[in-house]
Amino acid sequence: MAKNKKPARSSRGNGKGDQSEKPTQIAGGILRTNDIVAEQARASDGLVAAMPYNSNKELEHGHDNTVAPPTGETIAPDSSALTASTRTEGSESAKTGAAARLGTNATIASLDRVRVDPSDRSLTTNQGVIIGDNQNTLKAGLRGPSLLEDFVLREKVTHFDNERIPERIVHARGSGAHGYFEAYDALTEYTRAAPFAEKGKVTPVFVRFSTVAGERGSKDTARDVRGFAVKFYTDEGNWDLVGNNMPVFFIQDAMKFPDLVHAVKPEPHHGMPQAASAHDTFWDFVSLMPESTHMLMWVMSDRAIPRSFRMMQGFGVHTFRLLNQKGESVFCKFHWKPIQGTHSLFWDEAVKISGADPDFHRRDLWEAIESGDFPEWELGLQIFTEIQADGFSFDVLDSTKLIPEELVPVTPVGRMILNRNPDNFFAETEQVAFCTAHIIPGIDFSNDPLLAGRIHSYADTQITRLGGPNFHEIPINSPLAQVQNNQRDGMHRQALHRGRVAYEPNSLSGGCPFQAGTTGFTSFPAAITDDKVRGKPEKFAEHYAQATLFLESQTAVERAHIAAAFRFELSKVGVTAIRERMLSSLVNVSRELAAEVAVGLGMRVPEPMPRAIDEPEAPEVTVSRALSLMALPGESGIRTRQIAVLVEEGVHHASLVSLHEALTEAGAVVHFVGPRVGMFVGDSGEKIEANRSMENSPGFLFDALVVPDGSEAIEALAGNGHTMAFIIDQFRHCKPILALGAGRELLETAGLGSVLDEDEGILMADAVDTANIAPAFIAVVAAHRYLSRDSDPPLI
C-alpha cells in the first residue's frame, strides 16, 4: 500500500495547502509510522488526556443540580488543526472558501446572503450552465421527434412539476412581512428574555397573518379565526409567539384538536364547504363540546371578519411563564394592540369582497407597506402570580378562558412595526416555520394541556411540509444567534460542520460545543406531586360564564351581529336536531340571544343544555369594555383609508383637485372611479384619469365615497346601473359619503333623499366650498362607520 503523502501545493492555490508539521518518524527513540492520519490521532492525545473523565457527571443528579446545571467542561486545543475535519482546510477555492471561522455557523445571519438579482446576467441551468435557447425543445430536425438528451428541458419541466409543497393543515392561507420590535423599557424584574433586556432594544421580526380553516387558495374574507404569528430573531435564538386574533380557543386539551379540525374542514364525502364553518359536522361537534361556547361567541362576532390584518388584535392565547435572572417566575399573557384600531367588515360586505377581490387582506397589507404606511402594534403583557391565578374563579390553564383586564391590566412593553414586504412569497411567507416550542431563556411554558400538544404538533407538520428535520436552515427560519450542536445529516442539510465530533460529552473537540449551564435555557422547576391521570381540573367544567361576559360586553350593534351570524350559520345546518342542540347550549349564555336565533330558524327556544357543573364560582367580572371592538378605535386620522371619487365626462374639475390635495395630505388613498378606466375630460377641459372602474372595483371595496359636482357628469352617472349599486353599498355598509353640488341629485336618485339631511355620516357642500368641507369630511372618514344606519335585520 502506498504511504500517505504530503499534498502537493497547487500552482493555482495560495500556498497554504499544508499547515501542519511533517510527522516525525523518530521521537524519544521511538520509530513511528509516517501515516498522516495516525500522526493526527497522536496529536490529539494531549487534548483528550486533559479530560480524564466527565467531571460534570456527578452534577447531573439531585434536585439542586437540576435548578443550576453546570457549564460544560471544555479544553482549549494547542492548535485549531486538532479539531478540524481535514488538514487541507487551508486549501482555498472560490467554492470552498477558507477554513471555518472558529466558533461560528456561517449558515445564519441576514438574508442578504441568499438574495438573487439577475441584472446583466445570462439565463443558466441550476448547475450554472449558460442556456443558448430557452424557446425550443431539442429535436431531430425542425419537425422531428424531441430528444431525450435535452437536459435543459428535463431540468426545467422537472422543477416545475415539483414546485409545490404540502400546504399547512390549518393556517394554509397567509400573508407575511418583515419588521422589528422595540422595547419601551427593560423588563428584567420579570424576565431575562432578550427582546426585553433594555430600553429601546430592537429585535428583527417576521410576522405571518392567516385564516385557519381554508385551503391555500381560499378567500381572505371568510368568517374565521385569524392567525397572528411573530418570529423574533433575538440574539439568544428564535422565539415564536404563535397566536390568533382571539384570546381563547375552542377546546381545552390538545387531544381534541384533530377532532376540531376534522369537523370544521370540508366534509369528507363531498369536500364542501371551503373556508366556512356553516355546515353540519362543525356544529355537530361544537354543540357536543360546550367548552367551545365562549370561542363561538368570538367567531360569530365581527372579530371573525376583520377589515384588515392591520386592524386586528393578536393574542398568545395560552398562559406562559416569565423567568428573571434569579429564576423567579410569574405568569403572563401576550396582547398585540393595533395602533390603527380594531375595525371589521359587515358580513354582506365580506361576501361581496370575496367575489370581487379574494386577496383583499393580502393586498391591503402589501400595499400599505409599499406605500410607507407601516402597520404598527403595541405589545402588552398581563403579568400575574400563581397565587393570584389560584384565586380566580376560572383556571388560567384553560385556553377557553381569558383574564378580564379589570382583574389583570395589560401593561404596554413595546411596539412592533412591519416595514418590509418579502422579496419572494414562497421562500419567505410559505416556507416560514413557526412552532410554539421555539422559546428563549426568560420565557417558559405553563401546564396548559392545549399548549403542550402544540409544542409537539408544530414541529411534526414542518418536517412533513418542508422536507425533513433541517427546516431551521431555510433562510427565513435560520436565527441570527449562533447555532452549534451535534445534529447532523437529514434531507436538505446546508451546514458544513468542521471536525469529526458529533456527540457530547467529548474530548476530541475540546468538549465543544458545551452545555451552557445556568447561562442557557433552563426550565422552571415547578413542583409536581400528583397522580398520573387523564382528566381535567374542576374549574375547567364551567363553560358559559365567559361566553356571557363577552356577549354582555358588546354594543347593541355588535350583539345584533352575533345573533345574525348564529342564524346564518345554523340555517345552513341540515339536521334540525343539531340546530336544537346548539340552541339549548346558547340558552345557558343568554336566553335573549337564543330567542333571537331561534326566531330566524323558525324554532322554539329549547330547554337549556345540562351544565357540567351545578354551582360554579361566581365570575369576578360580568362586563368588560375591552372586549368590544369599539373599545379600540385607534389613532385619529385616515391614513391608508381607500376613498372612491366618482368621475364622468364633464365632472367639476377644480373641486376634485382641491379635495384630492386635502385627502392625500391626510394620508388617504384616493381612487378616481368611472364607468370605465382611462381618461375623462372635466368641465374646464382638464383631464382626470380613472384608475378604477365601477365594474372592476365595486363600492364595497372602499372606505368612503365622494360624489362629484357637474350636471353633465351626474346625468351620465345616473344612467349607469353600476352607479346606483355603488352608492347603495356604501350607504348600507355605513360608510361616510360626501356629495358636492349636483352630486346630491345622484344620492336622491339612489333613494337616499329622506336621510341626506339627517345622517351624520353624509356631508353636502357646494363645489366652491370643497376646501372648507374637506376637514369635516376627513373627520367623518376617521370615524370609520356610522352604525346608526345598520339595518334590521343587520347586515352582519
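Which side chain does the side chain of Thr 640 join through a polar contact of 3.4 Å?

## A buried threonine

The partner is Gln 340, whose side chain lies in a polar contact of 3.4 Å with that of Thr 640; such a contact is a pair of N or O atoms within 3.5 Å, where, within protein, one must be able to donate a hydrogen and the other to accept it, and residues adjacent in sequence count only if both atoms are side-chain atoms. This is a predicted model, in which local features need pLDDT of at least 70 and side-chain atom pairs count only at pLDDT 80 or more, while totals for chains, interfaces and linings use all residues. Residues are numbered from 1 along each chain as its sequence is written, and side-chain values use heavy atoms, with hydrogens and water left out.

Thr 640 sits in the loop between helix H16 (591–601) and strand S13, where helices (H or I, at least four residues) and strands (E, at least two) are DSSP runs, numbered from the N terminus. Thr 640 is buried, with a relative accessible area of 3%; buried means under 20%, exposed over 50% and partly exposed in between, with a 1.4 Å probe and protein chains only. Beyond its neighbours within four places in sequence, Thr 640 is in contact with residues including Arg 310, Asp 373 and Asp 703, contact meaning heavy atoms within 4.5 Å.

## The parallel sheet

Six strands, in the order S17-S14-S13-S18-S19-S20, form an open sheet with parallel pairing, and two strands pair if DSSP finds at least two bridges between them. Strand S17 (692–693) and strand S20 (762–765) are the edges, each pairing on one side only. Strand S19 (residues 737–740) runs parallel to S20 and is joined to it by four bridges; Ala 739 has Met 764 in S20 as its bridge partner.

Helix H17 (residues 653–665) lies across S13, S14, S18 and S19, and runs at about 145 degrees to S14; angles run from 0 to 180 degrees between N-to-C directions, and axes are lines fitted to C-alpha atoms, for helices over the stretch in contact.

## The annotated domain

An unreviewed UniProt entry places the feature "domain: Catalase core" at residues 124–512. Over residues 124–512 the chain is 22% helix and 19% strand.

Strand S11 (residues 411–420) runs antiparallel to strand S3 (residues 174–183), with six bridges joining them, and Tyr 180 has Ile 417 in S11 as its bridge partner. Six bridges also join S11 to strand S10 (residues 376–384), again antiparallel, and here Leu 379 is partnered by Gly 414.

Technical notes. UniProt positions are given in the numbering used here, feature names are shortened, and annotations may be inferred rather than shown by experiment.
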